[in-house]
Amino acid sequence: MYSTVDDYLADKDPAAVDAFRKFRTLVLALGDDVEETVHTSEISWARASSSTPRVFAAAFLYATRLEVALDLSRRVHHPTLREAYPTTGRVTTHRLSLSSADDLDDGFCALLAEAYNTASITAG
């Protein structure tokens with residue numbers, strides 16, 4: 001188990017770490033109610049202001065790529081989308097594979113904001 005994000009990133013590919021750090025900055029900028037949790041295999045973010053905090057995004061590094069999961073209330077398409085699958089009756093998890101920080105474009109950022117907003121709707 002890693003205790004900090006820096007511990008998790010310590011031995012990872014530098015380009016993937018750069019993408020992760022940019023992604024993390026985008027996530028934390030969504031609101032002051034974002035709660036970050038470091039797990040053994042990933043970092044997740046939940047919207048803590050709802051009565052039942054709900055994870056809306058998670059990320060992990062796989063070799064030289066940043067893998068991101070976004071929970072949305074609808075199925076969407078994006079150039080980096082690997083797969084999408086329903087996780088509850090109201091939420092579809094989208095797994096995206098990003099090869100660089102440049103993949104965090106306006107379209108991706110819009111999906112991230114949507115995931116954040118979805119967490120308050122689908123919690124509880």
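The model is predicted, with local features reported only at pLDDT of at least 70 and side-chain atom pairs only at pLDDT 80 or more, while totals for chains, interfaces and linings use all residues. Residues are numbered from 1 along each chain as its sequence is written, and side-chain values use heavy atoms, with hydrogens and water left out.

The description starts with the sheet. Helices (H or I, at least four residues) and strands (E, at least two) are DSSP runs numbered from the N terminus. Six strands form an open sheet in the order E1-E2-E3-E4-E6-E5, and the pairing is antiparallel. Two strands count as paired if DSSP finds at least two bridges between them. Strand E1 (34–38) and strand E5 (81–86) are at the edges; each has a single partner strand, so one side of each has no neighbour in the sheet. From one strand to the next the twist averages 20°. Angles here run from 0 to 180 degrees between N-to-C directions, and axes are lines fitted to C-alpha atoms, for helices over the stretch in contact.

The strand pairs can be taken in turn. E1 and E2 are antiparallel and share five bridges, with Val34 opposite Arg47 in E2.

Which strands does helix H2 touch? Helix H2 (residues 14–28) packs on the sheet and touches E1, strand E2 (43–47), E3 and E4, and its direction makes about 170° with that of E3. Contact means heavy atoms within 4.5 Å. Leu26 belongs to helix H2. Leaving out residues up to four places away in sequence, Leu26 touches Leu104, Cys109 and Leu112. Its relative accessible area is 25%, so Leu26 is partly exposed. The scale used is buried under 20% relative accessible area, exposed over 50% and partly exposed in between, with a 1.4 Å probe and protein chains only. Leu26 and Thr88 are 62 residues apart along the chain, and their C-alpha atoms are separated by 25 Å.

E4 is mostly covered, with six of its eight residues buried. Val68 is in strand E4. Val68 counts as buried because its relative accessible area is 1%. Beyond its neighbours within four places in sequence, Val68 is in contact with Phe23, Ala58, Ala59, His94, Arg95, Leu96, Leu98 and Phe108. From Val68 to Leu9, 59 residues away in sequence, the C-alpha to C-alpha distance is 15 Å.

The loops give a contrast in setting. The E3–E4 hairpin has two residues between its strands, and Ala63 lies in that loop. Phi of Ala63 is near 55°, a positive value in a residue other than glycine. Ala63 has 57% relative accessibility and therefore counts as exposed. Ser99 sits in the loop between E6 and helix H3 (106–122). With 48% relative accessibility, Ser99 counts as partly exposed. Ser99 and Ala15 are 84 residues apart in sequence, but 8.3 Å apart in space, C-alpha to C-alpha.

The last topic is empty space. Rolling a probe the size of a water molecule over the atoms shows where such space is left. On a 1 Å grid over the protein atoms alone, a pocket is an open set of points with protein on both sides within 12 Å along at least five of seven lines, where a cavity is a set in which a 1.4 Å probe fits but cannot get out; lining residues have an atom within 4 Å of a point. Grid points are joined across faces, edges and corners, and a volume is the space filled by probe spheres set on the points.

How much space lies in the largest pocket? The value is about 160 Å³. The largest pocket has 16 lining residues, and Glu42, Ala58, Ala59, Ala69 and Thr93 lie nearest its centre. Strand E3 (54–62), strand E4 (65–72) and strand E6 (92–98) each supply at least two residues of this lining, and the largest share, six residues, comes from E3. By type, the lining of the largest pocket has ten nonpolar, two polar and four charged residues. Nonpolar covers Ala, Val, Leu, Ile, Met, Phe, Trp, Tyr, Cys and Pro, charged covers Asp, Glu, Lys and Arg, and polar covers the others, Gly among them.
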